[in-house]
Amino acid sequence: MPKTSELSDEEVSKILHLKLLGKTVKEISKLLNRSKSMIYRVLTRKTPYGPKPHSGRPRVTDIRSDRRMQRMFSSQKMSVREITRASRLQSSKNAVHRRIVESGYMIHAKMARRLPLSKLHISNRLQWARIHMSYGDKWMAVLFSDEIKNGTSVDLRGI
């Protein structure tokens, strides 16, 4: 965890400008109220000041192939495996799946189990329920398909 906040681009440009004007590290640190070591690091840094590149394995895909994959899965109904084959890259289906998730196109949500009932189906169900509402004790004689007639022993061999 850094002890001080990072330098802004404006502060870095001020440091470089003051050095070009011939100021010493000590003078720059007093003017900008920053430590001498931070000023020295900015001045001796070979790469531009900013966040370091990430460590780890480099990406298999570049920006262009990421966009090509994004066009494939947004415009066509293709599976991840089909996109992997069509992309002509040596990338795994997991890498393609990660690119889809990174793009924000894939939304993780549960699919609807079935279509909502139409007005006709709703009225038919309501009519059936009103007709059979007066059954009373007759419902005790009805065996529904998810029940077993004799509840004491269960025989699952026939299922």
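**Notebook: helix packing and cores**

I began with α1 and α3, which are roughly perpendicular to each other (65 to 115 degrees). The angle between α1 and α3 is about 80°, and their axes lie 10 Å apart. I took axes as lines fitted to C-alpha atoms, for helices over the stretch in contact, with angles from 0 to 180 degrees between N-to-C directions.

The model is predicted: local features need pLDDT of at least 70 and side-chain atom pairs count only at pLDDT 80 or more, whereas totals for chains, interfaces and linings use all residues. Residues are numbered from 1 along each chain as its sequence is written, and side-chain values use heavy atoms, with hydrogens and water left out.

**Entry: overall chain**

I recorded seven helices and zero strands in the protein chain, in the order α-α-α-α-α-α-α from the N terminus. Helices (H or I, at least four residues) and strands (E, at least two) are DSSP runs, numbered from the N terminus. The chain has 159 residues, of which 16% count as buried; buried means under 20% relative accessible area and exposed over 50%, with a 1.4 Å probe and protein chains only. Among contacts (heavy atoms within 4.5 Å) between residues at least 6 apart in sequence, 38% join residues at least 24 apart.

**Entry: α1 against α3**

I listed the residues that meet here: V12, I15, L16 and K19 in α1, and I39, V42 and L43 in α3. The residues of this contact divide into six nonpolar, no polar and one charged. In this classification Ala, Val, Leu, Ile, Met, Phe, Trp, Tyr, Cys and Pro are nonpolar, Asp, Glu, Lys and Arg are charged, and the others, Gly among them, are polar.

I then looked up I15, which sits in helix α1 (residues 9-20). I15 counts as buried because its relative accessibility is 0%. Leaving aside neighbours within four places in sequence, I found I15 in contact with L7, I28, L32, I39, V42 and L43. From I15 to S29 the separation is 14 residues in sequence and 8.7 Å in space, C-alpha to C-alpha.

**Entry: nonpolar cores**

The largest nonpolar core has nine residues: L7, V12, I15, L18, I28, L32, M38, I39 and V42. Such a core is a set of buried Ala, Val, Leu, Ile, Met, Phe, Trp, Tyr and Cys residues joined through side-chain atoms within 4.5 Å. I noted that α1, α2 (25-32) and α3 (36-44) each supply at least two residues of this core. A second, separate core has six residues, including M69, M72, F73 and I100.

**Entry: α4 against α6**

I next examined helix α4 (residues 63-75) and helix α6 (residues 93-103), which pack at about 80° with axes 10 Å apart. Helix α4 is therefore roughly perpendicular to α6. The contact is made by D66, M69, Q70 and F73 of α4 with V96, R99, I100 and S103 of α6. I counted four nonpolar, two polar and two charged residues in it.

Beyond its neighbours within four places in sequence, R99 is in contact with R59, T61, D66, M69 and F73.

**Entry: N33**

I found N33 in the loop between α2 and α3. N33 counts as exposed because its relative accessibility is 71%. Its phi is near 55°, a positive value in a residue other than glycine. Most residues other than glycine have a negative phi.

Notes: Angles under 35 degrees count as roughly parallel, over 145 as roughly antiparallel, 65 to 115 as roughly perpendicular and the rest as oblique.
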